[in-house]
Amino acid sequence: MSQTVDRALSILPLLAEGPADLGQVADRLGVHKSTALRLLRTLHEHGLVYRQSDQRYRLGARLFALAQEAMENLDIREIAHPHLVRLNEQTGHTVHLAVYEENEVLYIDKVESRYPVRMYSRIGKPVAITVAAVAKLLLADLPEPERRTLADKLEYPMYTARSTPDAAAFLRELEKVREQGWASDLGGHEESINCVAAPVRGADGRVVAAMSVSAPNVVVTADELLTLLPQVRRTADAVSGEYSGRTPVKST
């Protein structure tokens, strides 16, 4: 039974490459055509493959519907939370998870710092979109025309002398973040708060969330916080692996 299931499942990656006829499927599996036909018929009955008029088989619509349903039911917060807790335990600093929704970047999870001096933030509250590290990561992943349109619509309050001053500077920063794969906010929103962030990616490689570690400079300096970047990136990669269904990467 396990061999039959294994063979049936092996057909799906083959058809993902493009339509194939019975002979091609049998050859790839190393089985007789009659065996391949039984497997294809079973997959066809469940809507996982479809037989075209030219007698070749392709992936069925049911497979795409199942994949879409599975993605919609994934809760990135639920998946990420244990990793955020672990990172908080390792560093002692505030850890956030944020997503981009309806032209806003929102915190959807937070694990507080163990230190008495900490940054103020609240789950569900929009971040300062032009300076926050998590916002830079999420917006940097947008298609370029969408990035430019959004940048032109935003206002650029000068929270501190290090805040992003205008759309041109913002777009340059997003391009830098896009290339390096991480982001920082070193006193751009509050002079005393620094932050480093890394992206959480879905199965298609797109950024679905961003996680960050933040700390006041009275606890750690900006340079000291930046040394935690590899740890933050490993944690984000672990969350990405679990969210996308790839082999999980340990975040320890």
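The model is a predicted one, in which local features need pLDDT of at least 70 and side-chain atom pairs count only at pLDDT 80 or more, while totals for chains, interfaces and linings use all residues. Residues are numbered from 1 along each chain as its sequence is written, and side-chain values use heavy atoms, with hydrogens and water left out.

Over residues 2-61 the chain is 62% helix and 10% strand, with the end C-alpha atoms 25 Å apart; helices here are DSSP runs of H or I with at least four residues, and strands are runs of E with at least two.

Now to a helix pair. Helix α2, residues 22-29, packs against helix α3, residues 33-45, at an angle of about 105 degrees, and their axes are 9 Å apart. The two are therefore roughly perpendicular to each other, a term that covers angles of 65 to 115 degrees. In contact, meaning heavy atoms within 4.5 Å, are Leu22, Gly23, Val25, Ala26 and Leu29 of α2 with Lys33, Ala36, Leu37, Leu39 and Leu40 of α3.

Turning to helix α7, residues 144-153, its buried residues are Arg147, Leu150 and Ala151, where buried means under 20% relative accessible area and exposed over 50%, with a 1.4 Å probe and protein chains only. These three cover an arc of only 100 degrees around the axis, which puts them on the same side of α7, the arc being that of the directions from the helix axis to the C-beta atoms. On the other side, Pro145, Asp152 and Lys153 are exposed. Among the elements covering the buried residues of α7 are β3 (94-101), α6 (133-140) and α8 (167-180).

Notes: Axes fitted to C-alpha atoms, helices over the stretch in contact; angles between N-to-C directions. Parallel < 35°, antiparallel > 145°, perpendicular 65-115°, else oblique.
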